[in-house]
Amino acid sequence: MKSSIKIITIIIFIIIFMALCLNKDSGLSNYTLNSDLIKPNPDAVQLDLNYPVPKTKTIDGTDYLQSQLPVGKFGGELISSTIGEGPKTFNPYTSTDATSSTMADIMYDGLFTTNPMTGEVIPKLAKSIEIKGNKYIIHLRKGVKWSDGKPITADDVMFTWKDIIFAGLGNTSTRDAMMISGELPKIRKIDTYTVEFVIKQQFAPFLRMLSAPIAPKHYFSKDKDWQKNFDRFLATNTDPKSIVTSGAYRLKEYIPAQRVVFVKNPDYYMINKNNEKLPYINKIVYLIVGDVNNQILKFEANELDEISLKGGDVARYKAKENKSNYVIYNLGADNGTMFIAINLNNRKNKSTGKYYVNPVKQRWFSDVNFRKAIDYAIDRKSMVQNIANGMATPLYTAESPNGIYYNEKLKGHPRDINKAKSLLKQSGYVFKNSKLYDKYGNSVEVDLSTNAGNTEREALGVMVKQDLSDIGIKVNFKPIEFNSLVNKITNSFDWDMIILGLTGSPVEPHNGKNVWNSNGPLHLFNQRKPEDSDKNIYPWEKRLDDIFEKAALKLKFSERKKYYDEYQQIIYEQAPIVYLYSPIRIYAIRRKIKNLYPSTLSGLTYNIEELYIDGGKR
């Protein structure tokens, strides 16, 4: 069983890697203009990976996006789930967690999106683009409407980028990633359906950054103090009927700790081959299940239509697959990463005058030998076997093995307790009666947290506690509610070590700039407030800033990869984040869900507008 899954995973990875590498040196200069999509030079070799991307079809003045998939049946509902306490917001510009972002993505579209098979940038709300040097002229689809019937125009694009993103409202990750040599792109309206972006110099990730959702200007600006009240817009207590959206679905109901319900947007701009408006499925429901065990019970009770399987459950589900109403898909290595973050913050809270982190612990965490000792003490092999049931691979870098920028030279190392103890001794730590003490006589004791309900991370926490006890470190492990965990990371900075995961892009490391840039909003291991100075930044953090600035300006894959290899090398050597393993993504989904085109890049239900239920209603 394990060997067959491994072979399938390798095959999937090789296919997608070949597809991406065929054009990896093309850069922006290799894009040609087309009314339907942005695609590589037609002379370049292309692989047909099955999923046909939608095309533009103009009917009565409206530029629809026409699905090229088989025509399906209308009706029914798809029931999925989310672990934890549910979304914190429905505002895509203030979201900082995966659940909130998933909900917002259902309701709002961007100018562009990603081809799920090749990673190419393709239009969404944009109809086409002209690239003239450093100028990007974007033509919007005409006739496309917001859910309240008002047209989506250049004014909405200008409002989104100039007044929200570039103005620094909400989560500033997109703005920060768009900064080129200290400058943001210039944007101007040409006409009702045309906008122009001008960038300082060619910028490899630029088009991909334009996938950020477009905001309805009339919805936000109706409040004269909308900037001041921005974080309150689309809060979880907002009346769903008042929300204006552009996506395939709009919010109908949110009941905290129970469910989130979306219904189809009847004015969505996507159609099928019969020119009928999509989506097919009437309703998308996310049950808030609390923890993985509850999620499994609901799937087995036929209350859920899809589930992400953990290693320990795969064999049991696979054995029943042939006689079941579900199909199992292996999507290869996860695009995200699982890790232990260590809090290196050595700043004071300016309002209280106290350090965010206990000064004694600051000395431990700021010591690279201490961090590397943790790295060597972790038993990744046992984690893979006992927690992931062999359905994962040990991870030592900041990029997933699924990514084309993965530094393949970082082979990692086996667990080595003697090496860990040697590193600690170099920094003056001593061992007494199986306990570790620093050179000032302080017993080494740390707190470790993760999000409660995620049984995989909770199991990892138990194992990390045991692993570190073998080098004399006492670990107080306590899972906490996810929103409280996020608040600790992004606001109070009151934590020692955290087991967490971050989603990533297998084709664009620049999307992680908000994590690695020293003033990024998700610079977990050394987070700072906007008013904090730069004096407490480590030299290697400054080098990371430089790397992400320069790498984005290189258009060739080979030139960019040198920089991204170096950033992974720095994280490997400095260990502010200790990576654990990269899971293999295994999904089970009901056979009744049709038009599925599984993608190692985008997952299983990325084309939600085109999915349909064979048999109509649930």
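Lys-142 lies in the loop between β9 (135-140) and α3 (154-165), where helices (H or I, at least four residues) and strands (E, at least two) are DSSP runs numbered from the N terminus. With a relative accessible area of 44%, Lys-142 is partly exposed, a class that falls between buried, under 20% relative accessible area, and exposed, over 50% (1.4 Å probe, protein chains only). The model is a predicted one, in which local features need pLDDT of at least 70 and side-chain atom pairs count only at pLDDT 80 or more, while totals for chains, interfaces and linings use all residues. Residues are numbered from 1 along each chain as its sequence is written, and side-chain values use heavy atoms, with hydrogens and water left out.

Leaving aside residues up to four places away in sequence, Lys-142 touches Gly-61, Thr-62, Asp-63 and Tyr-193, contact being defined as heavy atoms within 4.5 Å. Thr-352 is 210 residues from Lys-142 along the chain, and the C-alpha atoms of these two residues are separated by 54 Å.

## Aromatic pairs

A pair of aromatic rings is described by the distance of the centres and the angle of the planes. Searching the whole structure gives 36 aromatic pairs, counted when rings of Phe, Tyr and Trp (its six-membered ring) have centres within 6.5 Å, with planes under 30 degrees apart called stacked, over 60 edge-to-face and the rest tilted. In one of them, the ring centres of Phe-220 and Phe-233 are 4.8 Å apart and the planes stand at 45°, so this pair is tilted. Phe-220 belongs to helix α6 (residues 217-220) and Phe-233 to the loop between α6 and β12 (249-255), 13 residues apart, and both residues are buried.

Phe-339 and Tyr-579 make an edge-to-face pair, with 5.7 Å from centre to centre and 70° between the planes. This pair links distant parts of the chain, since Phe-339 is in strand β18 (residues 337-342) and Tyr-579 in strand β25 (residues 577-579), 240 residues apart; Phe-339 and Tyr-579 are both buried. Ring pairs also join residues into a cluster, whose members include Tyr-405, Trp-516, Trp-540, Phe-548 and Tyr-567.

## Charges over rings

Lys-529 lies over the face of Phe-493, 4.9 Å from the ring centre, and the charged end of Arg-590 sits over the ring of Phe-299, at 3.8 Å from its centre. A charge is said to sit over a ring if NZ of Lys or CZ of Arg is within 6 Å of the ring centre and within 35 degrees of the ring normal.

## Helices α16 and α17

The axes of helix α16 (residues 539-551) and helix α17 (residues 557-574) come within 9 Å and cross at roughly 160°. The two helices are therefore roughly antiparallel to each other, a label for angles over 145 degrees, with under 35 being roughly parallel, 65 to 115 roughly perpendicular and the rest oblique. Among the residues that make the contact are Trp-540, Leu-544 and Phe-548 of α16 and Tyr-564, Tyr-567 and Ile-570 of α17.

Most residues other than glycine have a negative phi, and most peptide bonds are trans. Leu-278 and Pro-279, however, are joined by a cis peptide bond with omega of about 10°, and Pro-279 is placed in the loop between β14 (270-271) and β15 (283-288). Leu-234 has a positive phi near 60°, and at 1% relative accessibility it counts as buried.

Key. Axes are lines fitted to C-alpha atoms, for helices over the stretch in contact, and angles run from 0 to 180 degrees between N-to-C directions.
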